[in-house]
Amino acid sequence: APPRIVVTRQIAEPALALLREAGDVDLPQPDRGLTEAELHRAVAGADALVSTLQDRIDASVIAAAGPRLRVVATVAVGYDNIDVDAVTERGVLVTNTPGVLTEATADLTFGLLLAVTRRIGEGERLVREQRPWEFRLDFMLGAGLQGRTLGIVGLGQIGRAVARRAKAFGMEIAYTGRRRVPEEVEAELSARFLPQAELLASADVVSLHCPLTPQTRHLIDASALAAMKPGAFLLNTTRGPVVDEDALARALADGVIAGAGLDVFEEEPHVHPGLLELDNVVLTPHLGSATVETRTEMALLAARNVAAVLSDEPALTPVRSKVAS
Ligand code: GLV
Ligand code: GLV
C-alpha cells in the first residue's frame, strides 16, 4: 500500500501536490487546530505526519501513530511544541523549515521596530478614530534609530538578517547568546558580543531571536526588564514564553522601558489584557513568516523532507541527525 501521509492543517497546494506523489494524503477537516484526541485519531497508521506549531507532538502521539511512522515534519522553524528526545528515541525523525522564513521574519521584526519607535500603530489608531490632530513640530515624536544600538538575543539566521537591516538603518549591533558566532560573521555585521546583562543595560532596542527552550523561558522577566534602559524598546518575534508577559505589561505601564513590539504571546491567541490597554506596544498576530512566498516555501520544504524519508533518502533539514534504530 502507498504510504499514508497525515497533514494536520491546510498547507500550500504545491506542497500537497508533492505529497500526493509520495503517498495517500489525509487532511483532517475542517481546517482548525486539532485537539489531542483528534490528533491521536488522525495519526493512527500514518507513515508521515506534517504538523504545525499548534500540534503538541510527544510520546503519546508517536504511540497513537503506531510502528509505521517514520517522520514528523513541522511547518515551522521553531519546534518547542515537539518533544524531540521522545520522538527520536522511538526512531522517528523530526524535520523543521529553517532558512526559507529568515528574510520574511526579519522584515516583520523590522516592521515592528519601526512601528513602535515611530508610533505608527498609535498614529494609525488616532487617524482611524478621527480624533483631532494637526501637524505640529512637537506632535507625536518618536525615537530615531541612527547611531542607536540594537541588542540581538540569539544571532542565528533570523538574528543575522535583522542585524543586516539594522546596519542599513545606521544602527550599531550588539548580540548575546550561548556562544559567539564566527569572527567573519561578527565582522560582516559589525556585531560585538556582550554578556546578556551588559547587552540589556546598553541596547536601545532588544530583539529576541533565540529558540524557546527550558533555558530561555521567561528569559525576559521583571529583573531583565529592570536592567534595560528606561528609553529602550523590546521586540519579540520568536516565541511568547521567552517573555514574562505579566512583567512586561507592568514594565510598560510603569515606564520601566519605552515600548514593545510583539508578534508572539505566551498563550496564543490570548493576549495579556494589560498589554491591550497600552499605547506604547504594537501587537501583531504571529505573522513573522506570513507571506505567500514564504508559507509556500515552508510547506514545500516540509513536503520534500517527507518525500525524502519515505524514499529512504536523507532528510533535507532534520533537527537531529540521528534517530534510534
Ligand atoms: C513560526 O513561528 C515558526 O517557528 O516557523
Ligand atoms: C532560524 O532560521 C534561526 O537560526 O534563527
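Around ligand 1 stand Leu 53, Ala 76, Val 77, Gly 78, Leu 101, Gly 288 and Ser 289. A residue is near a molecule if its C-beta atom, placed from the backbone, lies within 6 Å of it. This shell holds 4 nonpolar, 3 polar and no charged residues. Nonpolar means Ala, Val, Leu, Ile, Met, Phe, Trp, Tyr, Cys and Pro; charged means Asp, Glu, Lys and Arg; the others, Gly among them, are polar.

The model is predicted: local features need pLDDT of at least 70, side-chain atom pairs count only at pLDDT 80 or more, and totals for chains, interfaces and linings use all residues. Residues are numbered from 1 along each chain as its sequence is written, with chains lettered from A and ligands numbered from 1 in the order in which they are written.

Helices (H or I, at least four residues) and strands (E, at least two) are DSSP runs, numbered from the N terminus.

Next, helix α13. Of its 19 residues, 14 are buried, that is, with 20 or more other C-beta atoms within 10 Å of their own; exposed is 12 or fewer, partly exposed in between, with C-beta atoms placed from the backbone. Just after α13, Asp 312 has a positive phi of about 60 degrees.

Leu 283 sits in strand β12 (residues 281–283). It counts as partly exposed because it has 16 C-beta neighbours inside 10 Å.
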